[in-house]
Amino acid sequence: MIQDDSFTLPNRRTTATVDHAERVHSELLSQTAAKQTYDQHYQATIPTRREPETIKLEDQPLADDQRALLAEFERRRRARQIHVSTDDVEVKANLRRLEEPICLFGEGPAERRERLRNLISRLSDDEIAQKLRKKEEDDRRIETTKEEATWYHQGPDELQVARYWIAQYSLPRAKERIQKLKDYVAIPEVHRTSKIQELYRRLRGTSLHCSQVGDTRPLFYCEFSPNDQMLAVSSRSGLCKLWTVPDCRPIRTLRGHTIDACCISWHPQSTLTQDPGVINLASSAFDGSVKLWNLESDEPIAEIEGHAPFRVSKVRFHPSGRFLGTA
């Protein structure tokens, strides 16, 4: 009778795994020990960083010649940074403020400017402010006071009379104009908008009625007469012409200017209540001439002087017709 003794064979895979783990562990321990040994050796061989040492030098005073040389270098540096005016008159004025001669023998503007620069470089900031800038500030303050001051110019008695007359003429009309503006503002906005739109439609329907060559040279200015039946034009040829409206027929050529005629203006009551034999038109030209015309002659009836040789670019009558303005 055979007895079955059971037994277990060892697992080769398990044994191999355990042996490999032990070998890896041993290698890690060896590497760790080697690294510690290397670190200790490296720290022992390399010296540690020490605190910097400061060597204290003894204070040795500069010699007089060295101190003077440094001062001269500093002065030259300041001189290069100083701005001096290129105006010789201003340079002389600054020299006078410094109580220095404004001109030396054989000295030109460039040498004088350089001398002023060297003088300023030897001054301290307080001395510059006291001698130079104080004078400039005083001059600037005086100019500012002059600009802010109220001054009056004595005018002729005729000017005072004219201003009183213009005020009495203008104030009642200004009152009427303001009242008309108030009445217009009182109108509902809808009605005001409709009136503006109606005016805009009429203006869009405007077309060219007729055309005419006014002169052989370009025209400077044109203006309708108060009754809208004539047109006055001024030309670079020096001629002023009157044309009928609307058929553009020439009525009269006004000959009086010998150079470009700049402007021509109607008297406010011309062609209405103004007598044709008195002043009805005024014109101006490049040479400063201002001429007055009637509706019966081709020659001017009067001339206003005092503008030559400057151009009079515009003339205009006051609404009252009593005064004429020129520019």
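Biologist: Arg112 and Glu107: buried or exposed?
Modeller: Arg112 is buried, and Glu107 is buried too. Buried means under 20% relative accessible area, exposed means over 50%, and partly exposed is in between (1.4 Å probe, protein chains only). Bear in mind that this is a predicted model: local features need pLDDT of at least 70, side-chain atom pairs count only at pLDDT 80 or more, and totals for chains, interfaces and linings use all residues. Residues are numbered from 1 along each chain as its sequence is written, and side-chain values use heavy atoms, with hydrogens and water left out.

Biologist: How far apart are the closest N and O atoms of Arg112 and Glu107?
Modeller: They are 3.8 Å apart, and the two residues form a salt bridge. That term means a side-chain nitrogen of Lys or Arg within 4 Å of a carboxyl oxygen of Asp or Glu.

Biologist: How many salt bridges in the whole structure?
Modeller: The search finds 12. Another of them pairs Glu114 with Arg117, with the closest N and O atoms 3.6 Å apart.

Biologist: Where do Glu114 and Arg117 lie?
Modeller: Both are in helix H4, residues 109-121. They sit three residues apart, about one turn of the helix. Helices (H or I, at least four residues) and strands (E, at least two) are DSSP runs, numbered from the N terminus.

Biologist: Why is Glu114 called partly exposed, and why is Arg117 called buried?
Modeller: Glu114 is partly exposed because its relative accessible area is 39%. Arg117 is buried because its value is 13%.

Biologist: Switching to Asp260. Which residue does Asp260 form a salt bridge with?
Modeller: Arg236, with the closest N and O atoms 2.9 Å apart. This pair links distant parts of the chain, 24 residues apart. Asp260 is in the loop between E4 and E5, while Arg236 is in the loop between strand E2 (230-235) and strand E3 (239-244).

Biologist: What else is Asp260 in contact with?
Modeller: Leaving aside neighbours within four places in sequence, the list for Asp260 includes Phe220, Ser235, Gly238, Ala285 and Phe286. Contact means heavy atoms within 4.5 Å.

Biologist: OK, packing. Which residues make up the largest nonpolar core?
Modeller: It has 11 residues, among them Met230, Leu242, Ile264, Trp266 and Trp293. A nonpolar core is a set of buried Ala, Val, Leu, Ile, Met, Phe, Trp, Tyr and Cys residues joined through side-chain atoms within 4.5 Å.

Biologist: Which elements give two or more residues to this core?
Modeller: E2, E3 and E5. The largest share, three residues, comes from E5.

Biologist: What about a second core?
Modeller: A separate one has nine residues, including Ile82, Val84, Leu95 and Leu123.

Biologist: Last topic, the surface. Which residues form the nonpolar patch?
Modeller: Leu181, Tyr184, Val185 and Ile196, with about 390 Å² of accessible area together. Areas come from the Shrake-Rupley method with a 1.4 Å probe; for residues, only the protein chains shown count as cover. Patches are made of residues with over 30% relative accessible area and no salt bridge: like charges are joined within 9 Å, nonpolar side chains (Val, Leu, Ile, Met, Phe, Trp, Tyr) within 5 Å.

Biologist: Where does the largest share of the patch come from?
Modeller: Helix H6, residues 157-186, gives three residues. Leu181 lies in H6, and this residue is exposed because its relative accessible area is 53%.
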